[in-house]
Amino acid sequence: MDSKLKIAVLPLDIAWCDCEENLLAVADKLPKLHPDTDLLVLPELFSTGFVQDPNLLQQIGRSAGEMTLAAVKLWSQRFNMAIAGSYLAMSGNSFVNRGFIVEPSGEETFYDKHHLFCLSAESEIFRRGESLPPVVRFRGWNIMLAICYDLRFPVWCRNQNERYDMLVIPANWPAARAYAWKHLLIARAIENQAVVVGANRSGSDDYGDYSNLSFVFDPFGKLLAPTADKSASETTATVAPDAIFYAEYAMSQLEKARTVLPVGRDADSFRII
């Protein structure tokens, strides 16, 4: 049977440093999801936003992480879908930007962001993860998780031996670098012959504006979602910045793409870690 995956992306307008408000905002939207959704992708640090004050981090770090993970596990089970994103977490006495894929079975997969953005305080606040992005097998698909700035490093995202079918990138990527964001997503899709999901936040904060920068691309780099409202005219059709949007893709389509253009067999091998 052909395995078709339905992906939902929620470009949340994150309330800075307010875990409870962000969790409530997501919870309010979940009952409106299409009931056949397989995977929901949330933005990077969706429950707090980027917090760089060390004292504030100490106050909220542990509790925010615990609240976030508990909520995500509950949502995943209740709505029978996997959920991916990242959140502020503590590892020992250090803070990490922790990516997650939580499945309805309760299975949890984590990834601590490896590339910390050099133009912000991220590299000073968070401890860098040292493990390769993980691959999760879910409903017939191999799904790899990386986070935001990781996207700029093609070797880190390299699909060696076709180990993944879909690359999921939660992000807080501002409009000032929108051209790079969109084209890097397209490049990762084409070079790795995979579906690529870029789940950016919406709204704005001290670092810039973010709205309308979430995308899903197919293995040829063509846009799967979001699509304009067909009921509106071409000149006025828009997608609400914080609206959930969907993309579907079948495994047979991916296999055909890899068969018609079998570039994976000519790829070089890299030793990363």
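The structure holds eight aromatic pairs. One of them joins Trp173 and Trp181, whose ring centres are 5.0 Å apart and whose planes make 35° with each other, a tilted arrangement. Both of these tryptophans are buried. Keep in mind as we go that this is a predicted model, and that the distances and angles here are computed from it.

Let's start the tour with a sheet. Six strands make up an open one, running in the order β5-β4-β3-β2-β1-β14, and the pairing in it is mixed. At its edges you'll find β5 (108-112) and β14 (245-250), each of which pairs on one side only. Going from neighbour to neighbour, the strands are turned by 30° on average, direction ignored. A helix packs on this sheet too: α2 (residues 54-79) touches β3, β4 and β5, and its direction makes about 155° with that of β3.

A word on how such sheets hold together. Strands of a sheet pair through backbone hydrogen bonds, either parallel or antiparallel. Both kinds turn up around β1. Strand β1 (residues 4-9) runs antiparallel to β14, and six bridges join the two. If you want to find this spot, look for Lys4, which stands opposite Ala250 in β14. With strand β2 (residues 39-41), on the other hand, β1 pairs in the parallel sense over three bridges. Here Val9 stands opposite Val41 in β2. How much of β1 is covered? Mostly, it is: five of its six residues are buried.

Move along to β3 (residues 82-91) and β4 (residues 94-102), and you meet an antiparallel pair joined by nine bridges. Gly85 stands opposite Phe100 in β4. Phe100 is also part of an aromatic cluster, together with Phe46 and Tyr87. Rings come up again with two charged side chains. The charged end of Arg98 sits over the ring of Phe110, 6.0 Å from its centre. Lys6, meanwhile, lies over the face of Tyr246, at 5.3 Å from the ring centre.

Now for the other sheet. This one is open as well, with six strands in the order β6-β7-β8-β9-β12-β13 and mixed pairing. β6 and β13 (223-225) stand at the edges with a single partner strand each, so one side of each has no neighbour in the sheet. The twist here averages 25° from one strand to the next.

Is Ala176 buried or exposed? Its relative accessibility is 74%, so Ala176 counts as exposed, the cut-off being over 50%.

Helix α4 (residues 178-192) comes next. It has 15 residues and reaches 21 Å from its first C-alpha to its last, close to the 21 Å expected at 1.5 Å a residue.

Which residues of α4 are buried? They are Ala178, Trp181, Leu184, Leu185, Ile186, Arg188, Ala189 and Asn192. An α-helix has 3.6 residues a turn, so residues three or four places apart point the same way. And what do the buried residues of α4 pack against? Their neighbours are β8 (166-171), β9 (195-200), β12 (215-217) and helix α5 (251-260). After α4 comes Gln193, which has a positive phi, near 45°.

That brings us back to where we began: Trp181, one of the buried residues of α4, is also the ring that forms the tilted pair with Trp173.

Definitions and conventions
Residues are numbered from 1 along each chain as its sequence is written. This is a predicted model: local features need pLDDT of at least 70, side-chain atom pairs count only at pLDDT 80 or more; totals for chains, interfaces and linings use all residues. Side-chain values use heavy atoms; hydrogens and water are left out. Two strands pair if DSSP finds at least two bridges between them. Helices (H or I, at least four residues) and strands (E, at least two) are DSSP runs, numbered from the N terminus. Axes are lines fitted to C-alpha atoms, for helices over the stretch in contact, and angles run from 0 to 180 degrees between N-to-C directions. Contact means heavy atoms within 4.5 Å. Rings of Phe, Tyr and Trp (its six-membered ring) pair if their centres lie within 6.5 Å; planes under 30 degrees apart count as stacked, over 60 as edge-to-face and the rest as tilted. Buried means under 20% relative accessible area, exposed over 50%, partly exposed in between (1.4 Å probe, protein chains only). A charge sits over a ring if NZ of Lys or CZ of Arg is within 6 Å of the ring centre and within 35 degrees of the ring normal. The expected span of a helix is 1.5 Å times one less than its number of residues.
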